[in-house]
Amino acid sequence: MDAITGRGAAPRGLRPSNVVALLVALAAFVGGWLAGGPVARAAVGFQEVTGFGSNPGNLRMFTYVPSNGQSGAPVVVLFHGCGGSANGLDTATGWRKYADAYGFTLVMPEQKPENVGSGGIVPHKCFSAWNAEDRTRAGNGEARSVIQMVDHMKREYGADASRVFVTGYSGGGAATNVMLAAYPDVFKAGAVFFGMAYGCADTEDAYFTTGLFGQCSGPLNRSTPQQWGDRVRSAYPGYSGPRPRVQIWHGGSDRLISPRSLDYQRDQWTNVFGFGRTPTSTTTPAPGVTKSVYGNGSVETYLIDGMGHEPPIDPGTGIQNCGSRGSGHDSLCGPYYASHFFGLGS
């Protein structure tokens, strides 16, 4: 019998039982395809994806899928910073290296210029972390578009829904906190690189009043840990399930987003978890780097002396190395430690 047409005699050398097994396997594959299930060996590499959903936030979607990051792979959502783009983000930061090494896929949302507010404060592309429509569970904006991107990866690649993570840099770090706050049931953990706390500001004007003396991320902000925590809880009112673990990175010499932002994020997430603000352990994984762990380890911070508003890298050829000279601050490879915090490198 022809395994494709169902007609004709069985090929020479095939037993009837083998033919039946082949037909069963073929039927299962066709059935999964007709049902819209994941197809093995979908497209790999870097590409733009269109038609991933209704896209209420009007974002672009890019992915990087390594050859070993197919069905059942974890997903890491990677946000660019203000003025950035998805193109080259995964290689410049080091995330592609670990996608290849550990077999996870990357989803890279990209902001569109037409989404930028009309106030003229910031002429480049920032994800909206101030607009309730974009940053809350009830909203139907940018955060919802990102969830549709994750859902696309589940449909098309059979991505593991229990291993979805999020990370981002600067304004993308603020977007990372948005996803952790609004969709705690989707993301297992997140890593925020020199970003801002969730709900740092409720208007675009206030959000961009940053820097060492800014009202949002700087020392003039007088919000209490309880108030910071309440802002996260307001993103998904009534949610009582488990919260994603949070890793926070910041440079001690960052003059764009104040190092105080690390403290505010620590206060925010330790309050959400019910931890004290005194670390349970403090170590120095590299010269000038202080790692602090809080509570049961669900919150940890990396403060890097001398690092400005730039990604932490560690050029070299080892698995723990990433980046090239001049592409960031030579200290630690952030994606390596974040991947292990996510449980992807074990």
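This is a predicted model: local features need pLDDT of at least 70, side-chain atom pairs count only at pLDDT 80 or more; totals for chains, interfaces and linings use all residues.
Q: What makes Ser-331 count as buried or exposed?
A: Its relative accessible area is 14%, and the cut-off for buried is under 20%. So Ser-331 is called buried.

Q: Which residues does Ser-331 touch, leaving aside those up to four places away in sequence?
A: Ser-331 touches Ala-286, Val-289, Ile-304, Pro-312, Ile-313 and Asp-314. Contact here means heavy atoms within 4.5 Å.

Q: How do you know whether helix H8 and helix H9 are roughly parallel or roughly perpendicular?
A: Look at the angle: the axes of H8 (residues 225-235) and H9 (residues 260-273) cross at roughly 70° and come within 8 Å. Angles of 65 to 115 degrees count as roughly perpendicular, so that's the label H8 and H9 get. As for the hand, this crossing is right-handed.

Q: Which residues of H8 and H9 meet?
A: From H8 you have Pro-225, Gln-226, Trp-228, Gly-229, Arg-231, Val-232 and Arg-233; from H9, Tyr-264, Asp-267, Gln-268, Trp-269, Asn-271 and Val-272. Sort the residues of this contact and you get six nonpolar, four polar and three charged. Gly counts as polar in that tally.

Q: How many helices and strands does the chain have, and what share of its residues is buried?
A: The chain has ten helices and twelve strands, and 51% of its 346 residues are buried.

Technical notes: Residues are numbered from 1 along each chain as its sequence is written. Side-chain values use heavy atoms; hydrogens and water are left out. Axes are lines fitted to C-alpha atoms, for helices over the stretch in contact, and angles run from 0 to 180 degrees between N-to-C directions. Helices (H or I, at least four residues) and strands (E, at least two) are DSSP runs, numbered from the N terminus. Angles under 35 degrees count as roughly parallel, over 145 as roughly antiparallel, 65 to 115 as roughly perpendicular and the rest as oblique. A crossing is left-handed if the near helix is turned anticlockwise from the far one by less than a right angle, and right-handed if clockwise. Buried means under 20% relative accessible area, exposed over 50%, partly exposed in between (1.4 Å probe, protein chains only).
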